[in-house]
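Trainee: Please put the model on screen. I would like to go through it by question and answer.

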Amino acid sequence: MENRTNFFHLHLISDSTGETLISAGRAASAQFKSAQPVEHVYPLIRNRKQLFAVLDAIDNEPGIVLYTVVDRELAGLIDERCVEMGVASVNVLEPVMAAFQLYLGAPLRRRVGAQHVMNAGYFARIEALNFTMDHDDGQMPEDYNDADVVIIGISRTSKTPTSIYLANRGIKTANIPIVYDVPLPEALFTATRPLIVCLIATTDRISQVRENRVLGVTPGFDRSQYTDRAAISEELKYARSLCARHNWPLIDVTRRSIEETAAAIVALRPKLR
């Protein structure tokens, strides 16, 4: 029997960047494998003229409407027009804000894009991102004691994307490749401040990722050795022995997303303080 995928229109209206909506919409859509969303993202919708143009677009391609609009008048217009068009609409933030208001017993201040205010947390994230980019792939080892986290692991264990994800949460992260029989920087062993964690995966998974990697022409590079399962098994054995020797925790990323790996690292931090 032929497998057929259904598509539906998913309209995302935001008075800010739309990042919250995109994450929520994709998280919900992922639960319905038989239907794929066609995303229509409308960021920075802050007046009636902008909104009417969006509502006309929805009328032309009806679907599900998710929105994060704090202005009550604009939110009311969205709900009213969606009822008229016969499409479902959900104000994603409203039930969350209502729960906060009920628990905190404080009045709600409706501020557009409040989550993007350039406060101390914002600048901490920028500082963490700069640090992480400067200390990618074993660079500047003399600064490892300034890191919050140091990620080690053999090639293709998602060290860099995990580091960047952590940096976006304000966690200064360095990462170092483990190369068989190549000593790690001495500064790693003398660092007392950061959490040092090793990422591993199954031999098959690493081999598969390495096979799919597009590599530049590097003199002396042995592709067969790079993807050979026996060689990868030796690399993993070496990484495990290093971690056992220094009591560094291991995280298997074989079936984890970058977000899940980062969450596991964050969960380890207070335990080792």
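Trainee: In which helix is F131 found?

Mentor: First, the ground rules: this is a predicted model, where local features need pLDDT of at least 70, side-chain atom pairs count only at pLDDT 80 or more, and totals for chains, interfaces and linings use all residues. Residues are numbered from 1 along each chain as its sequence is written, and side-chain values use heavy atoms, with hydrogens and water left out. Helices (H or I, at least four residues) and strands (E, at least two) are DSSP runs, numbered from the N terminus. On that count, F131 is found in helix α5.

Trainee: Is F131 buried or exposed?

Mentor: Apply the cut-offs: buried is under 20% relative accessible area, exposed is over 50%, and partly exposed is in between, with a 1.4 Å probe and protein chains only. F131 has 11% relative accessibility, so F131 counts as buried.

Trainee: Which residues is F131 in contact with, leaving aside its neighbours within four places in sequence?

Mentor: Contact means heavy atoms within 4.5 Å. I164 is 33 residues from F131 along the chain, and their C-alpha atoms are separated by 9.9 Å. The contacts of F131 are D143, D146, A147, K172, T173 and A174.

Trainee: Why is strand β5 described as largely enclosed by the rest of the structure?

Mentor: Strand β5 covers residues 149–153. V149, I151 and G153 point one way, V150 and I152 the other way, and all are buried. In a regular strand the side chains alternate between the two faces of the sheet. β5 is largely enclosed because its buried residues number 5 of the 5.

Trainee: In what sense do β5 and β6 pair?

Mentor: Two strands pair if DSSP finds at least two bridges between them. β5 and β6 (residues 173–177) have 5 bridges. One of the partners is T173, which bridges to V149. The sense of the pairing is parallel.

Trainee: What is the handedness of the β-α-β unit made by β5, helix α6 and β6?

Mentor: Here is the test: with the strands pointing away from the viewer, a crossover is right-handed if the path from the first strand over the helix to the second runs clockwise. The helix here is α6, residues 159–167. The unit is right-handed.

Trainee: Which residue in β7 does I151 stand opposite?

Mentor: β5 also pairs with strand β7 (residues 195–200). That pairing is parallel, over 5 bridges. The residue opposite I151 is V197.

Trainee: Where does UniProt place the feature "binding site"?

Mentor: The entry is unreviewed. UniProt positions follow the numbering used here, feature names are shortened, and annotations may be inferred rather than shown by experiment. The record gives G153, I154, S155, R156, T157, S158, K159 and T160.

Trainee: What is the relative accessible area of S158?

Mentor: S158 lies in the loop between β5 and α6. Its phi is positive, about 65°, although S158 is not a glycine. S158 is partly exposed, with a relative accessible area of 30%.

Trainee: Which residues does R156 touch, not counting those up to four places away in sequence?

Mentor: R156 lies in the loop between β5 and α6. R156 counts as partly exposed, at 35% relative accessibility. The residues touched by R156 are I206, V209, R210, R213 and Y226.
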